[in-house]
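Student: Could we go through this structure together? I would like to begin with the overall picture and then turn to some details.

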Amino acid sequence: MTQAPAQSSKASDMTDKSDYDHTPPTTEQKLEWLRVMQLIREFENRTMQAYQQAKIGGFCHIYTGQEACAVGTIGSVNHDDPVVTAYRDHGHALARGMTPEACMAEMFGKIHGCAKGKGGSMHMFDKPNWLFGGHGIVGAQTPLGAGLAFAEKYKLEVLGEGKKKVTLCYLGDGAIDQGAFHEALNYVSVHNIPVIFIIENNGYSMGTAIHRHTANADNLISRGQSYGIDSIEIDGLDIVDLYNEFKPFAERCRETSRPGFVDLKTYRYQGHSMSDPQKYRTKDEVDTYKEKDSIARLLSQLIESGDFSEDDWKALQKDIKAQVKAAMDFAENSPAPEANELYTDVYANPEKNLSPTTEYNHGLNNPLL
Ligand SMILES: Cc1ncc(C[n+]2csc(CCOP(=O)(O)OP(=O)(O)O)c2C)c(N)n1
Ligand SMILES: [Mg+2]
């Protein structure tokens, strides 16, 4: 595998982006982003209702407000570039192409969920769509992101298979001081691992504002830079700007086999989880961010450019409502797992017939494997 470049060449890499300039997004791309962002919003609104009706159990974290982050970054890479994230993961799953049916059934704890109902809201996995969770321990996905990227690099450089890939590893601002994250940053820089750590910086870690939980809160990219990692800040509320910044950044990480660090500034409209009285912020603050809403912003750009009309928007909203309603019905009608599912998918390969990679004696095969 290739050796790390000298520090001086890394420093120059940080400023030279010219080779990775790219064309701006097409109208088709923007229309697709609008569709997926609206799908996530509607899906999340219905998720909240279902949670309040006790159809969904366990922890549940809503992504409303942050849609442009997952859609814009995932929309900048290839479908077979690995993605791993934290527990606020419904948006990433839908942006990656998981069906709303599989996602909602997972939350309902039903057998047709992506993890057969055994993971729930925080553990969306979808191997065919290169989504590796959904992780509930803050920061735990960061060494996993390094490992996923390492595996792809190893396949290419040592086994001579596959192709150049870049892994997207998302984390919240509350995860940036986890020891595991700093170990991962150090490791990927030393070994030239092409993973991008995307901090979805929504300004809060549960009820604690960022300046109260981390030092140097206005300069998070200094964390990445201190490990010699190319690091940028991006406005996560404008999906077109986000794409224009992120796409060449991701291509550069892929081509040079270097890691990246992105402080992606965003905001969540709902509480931390479904049980959060939100005493730590004002309604005015939330309203200020809602005025900058990423869906409304893209919609008005498309209407102004004449690529979309108010009637098109009404039709799209109606279609999406019907699609999410169908997913709710599907989840409702999907059966609960049998009790013997408790014994499947637990260990990777403890013995024959207990592994998802071999035949089962009991339980259903995971449809995604
Ligand atoms: C190691 C660990 N410590 C504490 C928790 C409890 N916890 C769950 S979410 C969370 C806040 C994380 O905030 P952030 O990373 O900013 O993500 P966001 O919820 O804003 O998306 C905390 C402290 C946990 N899950 N794991
Ligand atoms: Mg946060």
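Student: What percentage of the residues of the chain count as buried?

Tutor: This is a predicted model. Of the 369 residues in the chain, 44% count as buried.

Student: And how many helices and strands are there?

Tutor: The chain has 13 helices and 9 strands.

Student: What share of the contacts with a separation of 6 or more comes from residues 24 or more positions apart?

Tutor: Such residues account for 74% of those contacts in the chain.

Student: Which residues have the most contacts inside the largest nonpolar core?

Tutor: They are Val71, Leu94, Cys103, Cys169, Ile196 and Ile198, in a core of 79 residues. In soluble globular proteins, nonpolar side chains tend to be buried together.

Student: What is Ile198 in contact with, apart from its neighbours within four places in sequence?

Tutor: Ile198 contacts Thr73, Leu168, Cys169, Tyr170, Val262 and Leu264. Cys169 is also one of the core residues with the most contacts.

Student: What happens just after helix 5?

Tutor: Gly109 has a positive phi of about 75° there.

Student: Which residues have a positive phi although they are not glycine?

Tutor: Lys116 has a phi of about 55°, and Asn216 has one of about 60°. Most residues other than glycine have a negative phi, and most peptide bonds are trans.

Student: Where is Lys116, and is it buried or exposed?

Tutor: Lys116 sits in the loop between helix 5 (100-107) and strand 2 (125-126). It counts as buried because it has 23 C-beta neighbours inside 10 Å.

Student: And Asn216, buried or exposed?

Tutor: Asn216 is exposed, with 10 other C-beta atoms within 10 Å. Its place is in the loop between helix 8 (210-213) and helix 9 (221-225).

Student: Which residues does the cis peptide bond join?

Tutor: It joins Gly133 and Gly134, with omega at about 20°. Gly134 is in the loop between strand 3 (131-132) and helix 6.

Student: How do helix 6 and helix 7 cross?

Tutor: The axes of helix 6 (residues 141-157) and helix 7 (residues 179-190) come within 8 Å and cross at roughly 25°. Helix 6 is therefore roughly parallel to helix 7.

Student: Which residues meet there?

Tutor: Thr142, Pro143, Gly145, Ala146 and Ala149 in helix 6 meet Ala180, Phe181, Glu183, Ala184, Tyr187 and Val188 in helix 7. By class, this contact has 8 nonpolar, 2 polar and 1 charged residues.

Student: What about ligand 1: which residues come nearest?

Tutor: Val138, Gly172, Gly174, Ala175 and Ser205 come nearest, out of 13 residues around ligand 1. The shell has 5 nonpolar, 6 polar and 2 charged residues.

Student: Lastly, where does Tyr20 lie, and what is it in contact with?

Tutor: Tyr20 lies in the loop between helix 1 (7-13) and helix 2 (27-52). Leaving aside neighbours within four places in sequence, Tyr20 contacts Pro248, Glu251 and Arg252. The C-alpha atoms of Tyr20 and Cys253 are separated by 9.9 Å, although the two are 233 residues apart along the chain. Tyr20 is partly exposed, with 16 other C-beta atoms within 10 Å.

Note on methods: Residues are numbered from 1 along each chain as its sequence is written. Chains are lettered from A and ligands numbered from 1 in the order in which they are written. This is a predicted model: local features need pLDDT of at least 70, side-chain atom pairs count only at pLDDT 80 or more; totals for chains, interfaces and linings use all residues. Helices (H or I, at least four residues) and strands (E, at least two) are DSSP runs, numbered from the N terminus. A residue is buried if 20 or more other C-beta atoms lie within 10 Å of its own, exposed if 12 or fewer, and partly exposed in between; C-beta atoms are placed from the backbone. Two residues are in contact if their C-beta atoms, placed from the backbone, lie within 7 Å. A nonpolar core is a set of buried Ala, Val, Leu, Ile, Met, Phe, Trp, Tyr and Cys residues joined through C-beta atoms within 7 Å. A residue is near a molecule or strand if its C-beta atom, placed from the backbone, lies within 6 Å of it. Ala, Val, Leu, Ile, Met, Phe, Trp, Tyr, Cys and Pro count as nonpolar, Asp, Glu, Lys and Arg as charged, and the others, Gly among them, as polar. Axes are lines fitted to C-alpha atoms, for helices over the stretch in contact, and angles run from 0 to 180 degrees between N-to-C directions. Angles under 35 degrees count as roughly parallel, over 145 as roughly antiparallel, 65 to 115 as roughly perpendicular and the rest as oblique.
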